[in-house]
Amino acid sequence: MNMSLKKYRQTEQVKLSLGKPFFESQGIAIYQGDSLELGSQLPHSLFDALITDPPYCSGAAGTSVGADPAKKYCHSGNTLGRPSFGGDFRDQRSFKYWCSLWIGQALRACRDTAYSLVFTDWRQLATMIDALQAGGFCFKGLISWDKGRGSRAPHKGFFRHQCEYIPWGTKGAVPRLMDRGPFDGCYQIPVLQKDKHHMTGKPTPLMQKLVQCVPAGGISLDPFCGSGTTLVASALEGRQAIGFEASEEYCEIAARRIEAAQRGELLKFERTTAA
Ligand SMILES: C[S@@+](CC[C@H](N)C(=O)[O-])C[C@H]1O[C@@H](n2cnc3c(N)ncnc32)[C@H](O)[C@@H]1O
């Protein structure tokens, strides 16, 4: 085995099960397809963490759920050229069931004591905590991400929907780490347009903090990688990562961002429609 194959042993193992990825470079790989279909082929007990941001499927049935994400997430009606995406249509019961399926697959693919970090919002928080446990992870706590005052309040009477949440858990016991942690349980990090390549893109600095739970050189799984922020953060932080993404457009965007990160650059989002 040559040096780079040895270094990226886990990504090579995934390739043996899933075949040729859409993109691969220095321990970071993207597979285009349905997360459940790809997840069913993953090797067992390989990953150090599940870190992901699935479609939230948030909102009352008949209103937000089922709406085009381009309308739901871009209140001005202008996407600025960010592609729309699928999978945001489930009602709460089917969302919980669906999440428990892919979380269960991720659990099998994770080694003992691996972390699971899954993004959600205030509406789906309880549902996601249920799904995390139904999938087999032990629920251990809640990380809050404060987006700041730029976040939406429907009108003046509202408290702002300023935070998103990351219920976290582990496969069995929480590991006793000697080399890193304890990790912060709350992050105040704004969304910058130049760093937002997806309609629901997460800030790269936030994901750089979260991937710290993966050991240096270790590997995480993001079954809904979108514009690839978890993978970009992993590249910047010296971790391996595997992403799944249904949309070819987002696979392309993620690949370009990862290549830039591996050159030590952060690719800037450039709007393609008028503001
Ligand atoms: C919330 S976004 C992730 C955004 C990502 N965190 C980022 O910073 O760019 C969820 C992504 O999941 C993808 N998706 C939805 N359903 C999927 C499925 N069944 N399999 C794979 N990807 C899916 C969507 O195309 C979307 O890009």
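**Notes on a predicted model**

1. Let's start with overall size. For 275 residues, a compact globule would have a radius of gyration near 19 Å, and the protein chain comes out at 18 Å, so the two agree. Keep in mind as you read that this is a predicted model. Along the principal axes, the C-alpha atoms fill a box of roughly 60 × 40 × 35 Å.

2. What is the chain built from? The protein chain has nine helices and nine strands. Buried residues account for 39% of the 275 residues. If you take contacts between residues at least 6 apart in sequence, 70% of them join residues at least 24 apart.

3. Now for the inside. The largest nonpolar core has 60 residues, and the ones touching the most other members are Ile30, Phe47, Ala49, Leu117, Leu231, Ala254 and Ile258. Helix 9, residues 248–262, gives the most to this core, with seven residues.

4. Leaving aside residues up to four places away in sequence, Phe47 touches Ala109, Cys110, Arg111, Ala114, Ile219, Ser220 and Leu221.

5. Which residues of helix 9 are buried? They are Tyr250, Cys251, Ile253, Ala254, Ala255, Arg257, Ile258 and Ala261. When you look at that list, remember that an α-helix has 3.6 residues a turn, so residues three or four places apart point the same way. The cover over the buried residues of helix 9 includes strand 1 (23–25), strand 2 (28–32), helix 8 (229–236) and strand 9 (240–245).

6. On to the ligand. It is surrounded by 21 residues, and the closest are Gly87, His198, Phe224, Gly226 and Thr229. What kinds of residue form this shell? Seven are nonpolar, 10 are polar and four are charged.

7. Last, find Phe89, which sits in the loop between helix 4 (69–72) and helix 5 (92–109). Why does Phe89 count as partly exposed? Phe89 has 15 C-beta neighbours inside 10 Å, whereas a buried residue needs 20 or more and an exposed one has 12 or fewer.

Technical notes. Residues are numbered from 1 along each chain as its sequence is written. This is a predicted model: local features need pLDDT of at least 70, side-chain atom pairs count only at pLDDT 80 or more; totals for chains, interfaces and linings use all residues. A residue is near a molecule or strand if its C-beta atom, placed from the backbone, lies within 6 Å of it. Ala, Val, Leu, Ile, Met, Phe, Trp, Tyr, Cys and Pro count as nonpolar, Asp, Glu, Lys and Arg as charged, and the others, Gly among them, as polar. A nonpolar core is a set of buried Ala, Val, Leu, Ile, Met, Phe, Trp, Tyr and Cys residues joined through C-beta atoms within 7 Å. Helices (H or I, at least four residues) and strands (E, at least two) are DSSP runs, numbered from the N terminus. Two residues are in contact if their C-beta atoms, placed from the backbone, lie within 7 Å. The radius of gyration is taken over C-alpha atoms; the globule rule is 2.2 Å times the number of residues to the power 0.38.
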